[in-house]
Amino acid sequence: MGSWHPPLVRVLLEPGRLGATGHDRRRDCRGRPHPCRRPDLPPPTTPEDVTAVERAVGRPMPQLLRRLYLEVANGGFGVWECLSLTDTGNWFSEERDMIEAHRLFSARDDSDIPATPKGVVPLMDRGCCMWTMIDLSTPEGRVWDWDANDCCVLVPTTLTLARWLTGWLEGWTDPGPYSRFRIHADGCPDRQPSVSS
């Protein structure tokens with residue numbers, strides 16, 4: 001798994017992709033904002049912001065996710081746009097940041113919709129009551145699917161964070177339903193064989 005991280009982050013930092021290239025990913029050699037950096041992305045986050053999210057969730061971030069937030073941008077990257085760790089002023093969902101979204105999804109209430117398991121946090125709002133979640137309790141960052149349109153609202157998928165991002169870069173992961181990647185429990189009426197990626 002470790003071999004996925006450096007090449008994947010390098011691809012994400014290519015000009016025209018998500019971030020920047022060069023020695024300091026936010027600045028050029030003269031300290032000016034890097035010319036290859038996409039202007040619509042917020043700057044990378046700070047280690048303190050990563051620590052605040054980890055403390056709120058009670059789990060450390062997978063190394064790849066940590067690097068994306070510290071080296072690429074504080075949100076806005078990914079298949080659609082991943083949440084920011086902190087309020088950047090440019091919201092990528094109706095929630096201003098990952099901590100707020102985590103609090104909403106992990107709260108227990110009287111509805112039939114389950115709260116997320118400990119360590120599973122919202123990563124990307126896909127619209128139409130669909131969210132991509134990530135399990136911070138797994139070193140590889142297991143991707144979960146939250147789809148209010150499915151009988152089993154919250155289920156793990158066959159994807160890890162690295163595979164999910166690779167699928168986006170290669171064109172086989174899209175922001176729509178993740179039906180083919182969902183792992184349904186035996187008792188779920190929507191249970192069908194999942195496609196391993």
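## Around helix H4

Let's start with Arg96, which sits in the loop between H3 and H4. Helices here (H or I, at least four residues) and strands (E, at least two) are DSSP runs, numbered from the N terminus. This is a predicted model, where local features need pLDDT of at least 70, side-chain atom pairs count only at pLDDT 80 or more, and totals for chains, interfaces and linings use all residues. Residues are numbered from 1 along each chain as its sequence is written, and side-chain values use heavy atoms, with hydrogens and water left out.

How open is Arg96? Its relative accessibility is 36%, so Arg96 counts as partly exposed; buried means under 20% relative accessible area, exposed over 50%, and partly exposed in between (1.4 Å probe, protein chains only). Setting aside residues up to four places away in sequence, Arg96 touches Thr86, Asp87 and Trp91, where contact means heavy atoms within 4.5 Å.

Two atom pairs around here have distances worth a look. One is a polar contact, meaning a pair of N or O atoms within 3.5 Å; within protein, one must be able to donate a hydrogen and the other to accept it, and residues adjacent in sequence count only if both atoms are side-chain atoms.

| Pair | Distance |
|---|---|
| Arg96 side chain and Glu100 side chain, polar contact | 3.1 Å |
| Asp97 side-chain oxygen and Ile99 backbone nitrogen, start of H4 | within 3.2 Å |

Now for H4 itself. Its buried residues are Met98, Ile99, Glu100, Ala101, His102 and Phe105. What covers them includes H2, helix H3 (63–72), and strands E1 (120–127), E2 (130–135) and E3 (142–147).

His102 is found in helix H4 and, with 9% relative accessibility, counts as buried. Beyond its neighbours within four places in sequence, His102 is in contact with Ala56, Val57, Val120, Val121 and Pro122.

How do H2 and H4 sit together? The axes of H2 (residues 47–57) and H4 (residues 98–106) come within 10 Å and cross at roughly 10°. On the H2 side the contact is made by Ala52, Val53, Ala56 and Val57, and on the H4 side by Met98, Ile99 and His102.

Zooming out, the chain has five helices and four strands, in the pattern α-α-α-α-β-β-β-β-α along the sequence. Of its 197 residues, 48% are buried.

How values were computed: Axes fitted to C-alpha atoms, helices over the stretch in contact; angles between N-to-C directions.
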